[in-house]
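Welcome! Take a moment to look over the chain before reading on.

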Amino acid sequence: MDTFITSTVTVALAEIGDKTQLLSLLLAARFANKTALILGILVATIINHGLSAWLGDYLAGSFTSEYLPWIVNSCFIIVGLWLLIPDKDEEVSNKYDQYGAFLVALVLFFIAEIGDKTQIATVLLGAQYQSVLWVTIGTTVGMLLANVPVIFAGNALLKRIPLAKVRMLAALVFVALGCYGLVTS
């Protein structure tokens, strides 16, 4: 349960103000079928984060257990500091809108997550907990917690959430997890 909760909270916080959350806002403005958008995000996240959690688990088994806690926890601190840097709003082409909300959301979310902070976090969580299933479920729930409200509430919600403060909170969570891991290892 600890794996699920930690994965959910860290990704939900890290996702606030992230480029994929902005992508959710853009897609919600373009497509009326909110259910298809959510299902596209869900499938893309399960695939992307499942592979990421598996990679983390695989890498954890590849390193000597003596050094693994230092590597993983140092990376948590680095990701925490990286969260302090806001994402840039990227222009997304609408030439693929003809394929429908589900497919567009699936493809764009999968691509947007490659190399993203939450994907790196998922790799780290997979390495730390070595539980592909629970890390994938937790990070997917975290992704949905951050993006589904944006699909339904859109701009009104983003205007009320102080993104800088949430980004700082997320950074603090990652740095605290890294520091705690370094102290206890």
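Start with Asn48: because its relative accessibility is 2%, below the 20% cut-off, Asn48 counts as buried. Keep in mind that this is a predicted model.

- Is Ala36 buried or exposed? With a relative accessibility of 11%, Ala36 counts as buried, because buried means under 20%.
- Leaving aside residues up to four places away in sequence, Ala36 touches Ala101 and Phe102.
- Ala36 and Gly100 are 64 residues apart in sequence, yet their C-alpha atoms are 8.3 Å apart in space.

**How α3 meets α5**

- Helix α3 covers residues 34–62 and helix α5 covers residues 101–113; the two pack at an angle of about 35°, and their axes are 7 Å apart.
- The crossing of α3 past α5 is right-handed.
- By class, 13 nonpolar, three polar and one charged residues make up the contact of α3 with α5.
- On the α3 side, the residues in this contact include Ala36, Leu37, Ile41, Ala44 and Asn48.
- On the α5 side, Ala101, Phe102, Phe109 and Glu113 are among them.
- Here is a handy rule for looking at such a list: an α-helix has 3.6 residues a turn, so residues three or four places apart point the same way.

**Helix α6 and the residue after it**

- Helix α6 runs over residues 117–129, which is 13 residues.
- From its first C-alpha to its last, α6 reaches 18 Å, close to the 18 Å expected at 1.5 Å a residue.
- How many of the 13 residues of α6 are buried? The count is 10, so α6 is mostly covered, with buried meaning under 20% relative accessible area.
- The buried residues of α6 include Lys117, Gln119, Val123, Leu124 and Gly126.
- Gln130 has a positive phi of about 50° although it is not a glycine.
- Why does Gln130 count as partly exposed? Its relative accessibility is 43%, which falls between the 20% and 50% cut-offs.

**Helix α1**

- Helix α1 has 14 residues (residues 2–15), which should span 20 Å at 1.5 Å a residue; its end C-alpha atoms are 20 Å apart, so the two values agree.
- In α1, 10 of the 14 residues are buried, and the helix is mostly covered.
- Among the buried residues of α1 are Thr3, Ser7, Val11, Leu13 and Glu15.
- Gly17 follows α1, and its phi is positive, near 80°.

- An unreviewed UniProt entry places the feature "transmembrane region" at residues 36–55, 67–84, 96–112, 132–154 and 166–183.
- In the model, residues 36–55 are 100% helix and 0% strand, and the end C-alpha atoms are 28 Å apart.
- Residues 132–154 are 100% helix and 0% strand too, and their end C-alpha atoms lie 32 Å apart.

How values were computed:
Residues are numbered from 1 along each chain as its sequence is written. This is a predicted model: local features need pLDDT of at least 70, side-chain atom pairs count only at pLDDT 80 or more; totals for chains, interfaces and linings use all residues. Side-chain values use heavy atoms; hydrogens and water are left out. Helices (H or I, at least four residues) and strands (E, at least two) are DSSP runs, numbered from the N terminus. The expected span of a helix is 1.5 Å times one less than its number of residues. Buried means under 20% relative accessible area, exposed over 50%, partly exposed in between (1.4 Å probe, protein chains only). Axes are lines fitted to C-alpha atoms, for helices over the stretch in contact, and angles run from 0 to 180 degrees between N-to-C directions. A crossing is left-handed if the near helix is turned anticlockwise from the far one by less than a right angle, and right-handed if clockwise. Contact means heavy atoms within 4.5 Å. Ala, Val, Leu, Ile, Met, Phe, Trp, Tyr, Cys and Pro count as nonpolar, Asp, Glu, Lys and Arg as charged, and the others, Gly among them, as polar. UniProt positions are given in the numbering used here, feature names are shortened, and annotations may be inferred rather than shown by experiment.
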